[in-house]
Amino acid sequence: MKTNSQIYNFAKKIIDHPRSLSGNGVRKTLKDIKKILPVMKVKNFKSGNKAFDWKIPMEWDVHDAYIVKPNGKKICKFSDNKLHLVGYSIPVNKTLSKDKLLQKLYSLPKLKNAIPYVTSYYKKDWGFCIKHSEKSKLKNGNYKVFINAKHKKGELNYGEIFIKGKSKKEILFSTYICHPEMANNEVSGISVVTYLTKWIQSKKRNFSYRIIFIPETIGSIAYIPKNLKNLKKNLIAG
């Protein structure tokens, strides 16, 4: 029961970190993991580097984002929920009519009180995600849109742990660290794998274990060519 409460408390701690493919939210998450697993090495891929026919994206960090309704009330505040802002949105500071704004709003008609998760990692764009119940009540008028976000050359960070066993043959555990605010997507994986790793460390092991905390798709695509020789030679399960 003690471990269950530790996993829950850890999940509660990291759920609000502004994670994406890269940036301070990812580093903050890795820093919290490292407090529990000090042996973890934090590594990186540089922005612009090629991985097969993909390219490591720029870093993305958000300082603030929201929409101001005609009556002056702020909605879709990034500070309230990171899902409100389309991932990797470019900076915006403009006033739009309701019709123009609706073209940039994403909602789920069948899940009226849910905020969808939308990204634009590899295309320069912007947008907001909103509950469909709230979107349907928007009135005509002018809406101010504000996104204070920065894209810069930097790095895509990930964490790696190798736990040696009697055999050189490896079992791989991998979990994504790039989605914010969703308990069943990312937060559960990060939390369970963190404490699973701690448990593995405490046991006698026949096999060796490799644990990776990495952003989805591009992280895995970049990791494979860098570690292909070892993966082909030693990996038996994952």
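**A tour that starts at a bent helix**

Select helix α6 and centre the view on Asn227, where α6 bends by about 75 degrees; the bend is the angle between axes fitted to the seven residues ending there and the seven starting there. The structure is a predicted model, in which local features need pLDDT of at least 70 and side-chain atom pairs count only at pLDDT 80 or more, while totals for chains, interfaces and linings use all residues. Residues are numbered from 1 along each chain as its sequence is written, and side-chain values use heavy atoms, with hydrogens and water left out.

Now show the whole of α6, residues 218-234. From first C-alpha to last, its 17 residues reach 23 Å, close to the 24 Å expected at 1.5 Å a residue; the expected span is 1.5 Å times one less than the number of residues. Next, colour its buried residues, among them Ile218, Tyr223, Asn227 and Leu231. Buried means under 20% relative accessible area, exposed over 50%, and partly exposed in between, with a 1.4 Å probe and protein chains only.

Zoom out to the protein chain, which has six helices and 13 strands. Helices (H or I, at least four residues) and strands (E, at least two) are DSSP runs, numbered from the N terminus. Of its 238 residues, 48% count as buried.

Select Asn71 next, in the loop between β4 (59-68) and β5 (74-75). Asn71 is exposed, with a relative accessible area of 58%. A polar atom of its side chain lies 2.9 Å from the backbone nitrogen of Lys73.

The last stops are pockets. On a 1 Å grid over the protein atoms alone, a pocket is an open set of points where a 1.4 Å probe fits, with protein on both sides within 12 Å along at least five of seven lines; lining residues have an atom within 4 Å of a point. The largest pocket holds about 280 Å³ of space. Select its lining, including Lys55, Tyr88, Tyr122, Asp125 and His151.

The second largest pocket has a volume of about 180 Å³. Of its 16 lining residues, Pro18, Arg19, Trp60, Val62 and Phe78 are the closest to its centre. Two or more residues come from each of α2 (24-36) and β4, and β4 gives the most, with four.

Note on methods
A polar contact is a pair of N or O atoms within 3.5 Å; within protein, one must be able to donate a hydrogen and the other to accept it, and residues adjacent in sequence count only if both atoms are side-chain atoms. Grid points are joined across faces, edges and corners, and a volume is the space filled by probe spheres set on the points.
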